[in-house]
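Welcome! Have a look at it first, and then we can walk through it topic by topic.

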Amino acid sequence: MSESILKTLRDEHRRVEGLIVQIENSSDIVQKKDLYLQMRSELLLHMEGEEKTIYTHLLEDVHDEEAEEVAQSAKLQHNEMRDLLSKIDNIGIESDEWDATFRKFTRCFHKHIEEEEVSLFAEAKGDFSREELIDFGDEFAEIKQHLIQ
Ligand SMILES: [Fe+2]
Ligand SMILES: [Fe+2]
């Protein structure tokens with residue numbers, strides 16, 4: 001069933017938020033690691049999917065400074081999150097440093113999705129029709145499908 005890309009992205013944000021809460025509350029190291037790997041792979045897919053669809057459309061189709069700015073700033077935040085995830089990957093999950101770096105990551109994540117859902121979504125709603133946003137939703141689903149294979 002096709003739906004607006006904005007609805008899909010919002011749902012995925014809630015899903016990752018849920019996994020983060022589970023990671024934070026996990027007292028079992030094995031379970032914590034599994035949840036982290038799950039969250040990490042879902043978020044990386046989500047970010048790549050966004051960059052190849054909605055961000056690209058904002059950067060290339062709109063020809064507007066505001067649209068470019070929100071997409072560029074979001075891309076930079078994605079890279080910041082990717083860097084933090086790589087750092088986390090290289091730290092032992094039982095150490096305090098892991099928790100501290102994970103907290104840094106979650107702050108980055110929350111700031112990013114808030115900006116995305118407020119500024120970027122508003123920009124996209126102003127620039128694209130309902131039909132276009134549904135087409136982007138299909139593109140997003142397709143790209144993610146390819147990335148998984
Ligand atoms: Fe997102
Ligand atoms: Fe994003």
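Where does Ser95 lie? Ser95 sits in the loop that runs between helix H3 (65-89) and helix H4 (96-127). Please keep in mind that this is a predicted model. The points below start with that loop and then move on to the helices.

- Ser95 counts as exposed because 10 other C-beta atoms lie within 10 Å, and the cut-off for exposed is 12 or fewer.
- Ser95 and Ile5 are separated by 90 residues in sequence, and their C-alpha atoms are 38 Å apart in space.
- His63 is found in the loop between H2 and H3.
- With 9 other C-beta atoms within 10 Å, His63 is exposed.
- His63 has a positive phi of about 55 degrees, although it is not a glycine.
- Most residues other than glycine have a negative phi.

- Helix H1 covers residues 5-25, which makes 21 residues.
- From its first C-alpha to its last, H1 reaches 30 Å, close to the 30 Å expected at 1.5 Å a residue.
- Which residues of H1 are buried? They are Ile5, Leu6, Thr8, Leu9 and Ile23.
- Seen down the axis of H1, these buried residues fall within an arc of 155 degrees, so they line one face of the helix.
- The buried residues of H1 pack against H2, H4 and H5.
- On the face of H1 turned away from the buried side, you will find the exposed residues Lys7, Asp11, Arg14, Gly18, Val21 and Asn25.

**Where H2 meets H5**
- The axes of helix H2 (residues 29-60) and helix H5 (residues 130-148) come within 9 Å of each other and cross at roughly 140 degrees.
- Is this crossing of H2 and H5 left-handed or right-handed? The crossing is right-handed.
- On the H2 side, the contact involves Leu45, Glu48, Gly49, Lys52, Thr53, Ile54 and His57.
- On the H5 side, their partners are Phe136, Glu139, Phe140, Ile143, Lys144 and Leu147.
- Sorted by class, the contact of H2 with H5 has six nonpolar, three polar and four charged residues.

**A residue in H3**
- Arg82 is part of helix H3.
- Is Arg82 exposed or partly exposed? Arg82 counts as partly exposed because 15 C-beta neighbours lie inside 10 Å.
- Arg82 and Gln38 are 44 residues apart along the chain, and 15 Å separates their C-alpha atoms.

Terms used:
Residues are numbered from 1 along each chain as its sequence is written. Chains are lettered from A and ligands numbered from 1 in the order in which they are written. This is a predicted model: local features need pLDDT of at least 70, side-chain atom pairs count only at pLDDT 80 or more; totals for chains, interfaces and linings use all residues. Helices (H or I, at least four residues) and strands (E, at least two) are DSSP runs, numbered from the N terminus. A residue is buried if 20 or more other C-beta atoms lie within 10 Å of its own, exposed if 12 or fewer, and partly exposed in between; C-beta atoms are placed from the backbone. Axes are lines fitted to C-alpha atoms, for helices over the stretch in contact, and angles run from 0 to 180 degrees between N-to-C directions. A crossing is left-handed if the near helix is turned anticlockwise from the far one by less than a right angle, and right-handed if clockwise. Two residues are in contact if their C-beta atoms, placed from the backbone, lie within 7 Å. Ala, Val, Leu, Ile, Met, Phe, Trp, Tyr, Cys and Pro count as nonpolar, Asp, Glu, Lys and Arg as charged, and the others, Gly among them, as polar. The expected span of a helix is 1.5 Å times one less than its number of residues. The arc is that of the directions from the helix axis to the C-beta atoms.
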